[in-house]
Amino acid sequence: MKDKGIGEILLKLIFLNAFVMLMAQVLGVSMIASLCFYLSFVLVAGLWGLTSLNSFTKIDLALVSIAIISLTGLLLSFSKSAGGGFEPFKKYIMFISALMFFVTLYKIKITEDYSRYIHFLNSAAVIVFLIVYFVRGEDNTLYNGILSDYLLFGLDNPNKTAMFLLSIAMMELARVFTVENRFNKTYHLVLFGIAVWFLCETESRNSLLSLIIFVIVILLTYLPLLKEFYKSKTAVLLCVLWPIIFAFGYMAFIDSSFMRDIFSFAVSEGKEIDSRIFIWEKSLELIEANPLFGSYFEMADYVGYTHMHNTHFDIAVSYGLVVLVLVCLILYAILKRFSSMEDPKARFYYFGFCSMLIVGMGESAMFIGGFGIFFFAGSFLLLCKNMSCRQALKGADYE
């Protein structure tokens, strides 16, 4: 069997595994969800290894450097309280797996049409959510065993649920813009509306804001003066650095009455406007104390959390500033390549991936697992490349 055939099989298995993992969690079949969770690491490592054997590039070197530097930091900060086995290193493995997956999608050559396959899985997820919503009823709002005001669908917190729904909603809307058939447009528009309805019920501010940004950016690209701006180095850099820019801006201005009035719509019981400030201030203290290799094992005792509710702060605190810089360089390379895809319709998927990065302004789940959120984010990269390669695909038909 040719390498490209093996790669195609692995790629499809990865997305199928991610879909089954999420659906098993939603349906309460925890054993299957756990098996899929551990299998995902094997599949990603296998696919990256396959592509790297054929072509080991600078972006692979950056990835390996991240893996080595961050592991060095972990071993230096390792403590007896961390325990043994796989569990203490699970966050690190998820972090490297996410980067490995994105790097693989950056490099891999598309030799067949993945559009229908990915969209079928995505639409099936919406339908499963819809069925579970009515069948399970108020049990969908159970939060740590207690009925809440937030929609969780069996996941452990509403923000994680919201990130999945954000990805699913954006994928459906992207499909509306990339098919020509009116019936298909209507079908995916309805599924988009259902996903947004569920997303709103999670009351996750970060995911809702990211969805709003996604829609606004799409609309702005229809303006002659702005339709190419997203391809510029400035726009790409802004997207890569947005989580850290947002965090510093938030801490600097949130105490002003003007800013509190603007964001008053997002305040609710248990979700205060300054709920992230304490965590981010503690993050800065940890970064200052251990800027080179981070404080992977110390953060839980110092802050009371195992993640910093911001992708960039979490990476810097966990693995150090050198790793954060390397991650940003990888993301910049990925966004620069995918923003320049020839087919203009590819931009709808590109914006989807960017929005998943943007939600990192208030959540860390993109790079620490979140039960496979990075696979859903990666599907946008695959279809972005898929759109621009469609003329070379056998039987390519995007109707």
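Let me begin with disulfides, meaning pairs of cysteine sulfur atoms within 2.5 Å: a search of the whole structure, which is a predicted model, finds zero of them. Of the cysteines, C36 is buried at a relative accessible area of 8%, whereas C200, at 42%, counts as partly exposed; here buried means under 20% relative accessible area, exposed over 50%, and partly exposed in between, with a 1.4 Å probe and protein chains only.

A word on conventions. Because the model is predicted, local features need pLDDT of at least 70 and side-chain atom pairs count only at pLDDT 80 or more, while totals for chains, interfaces and linings use all residues. Residues are numbered from 1 along each chain as its sequence is written, and side-chain values use heavy atoms, with hydrogens and water left out.

For the chain as a whole, buried residues make up 54% of the 399 residues, and the secondary structure comes to 16 helices and two strands, these being DSSP runs of H or I over at least four residues and of E over at least two, numbered from the N terminus.

Now to E172, which sits in helix α6, residues 158–178. E172 is buried yet has no salt bridge, and the nearest side chain of opposite charge, R175, is 7.2 Å away; a salt bridge would need a side-chain nitrogen of Lys or Arg within 4 Å of a carboxyl oxygen of Asp or Glu, and for charge Lys and Arg count as positive, Asp and Glu as negative, with His and the chain ends not counted. Leaving aside neighbours within four places in sequence, E172 is in contact, that is, with heavy atoms within 4.5 Å, with residues including H119, S123 and H188.
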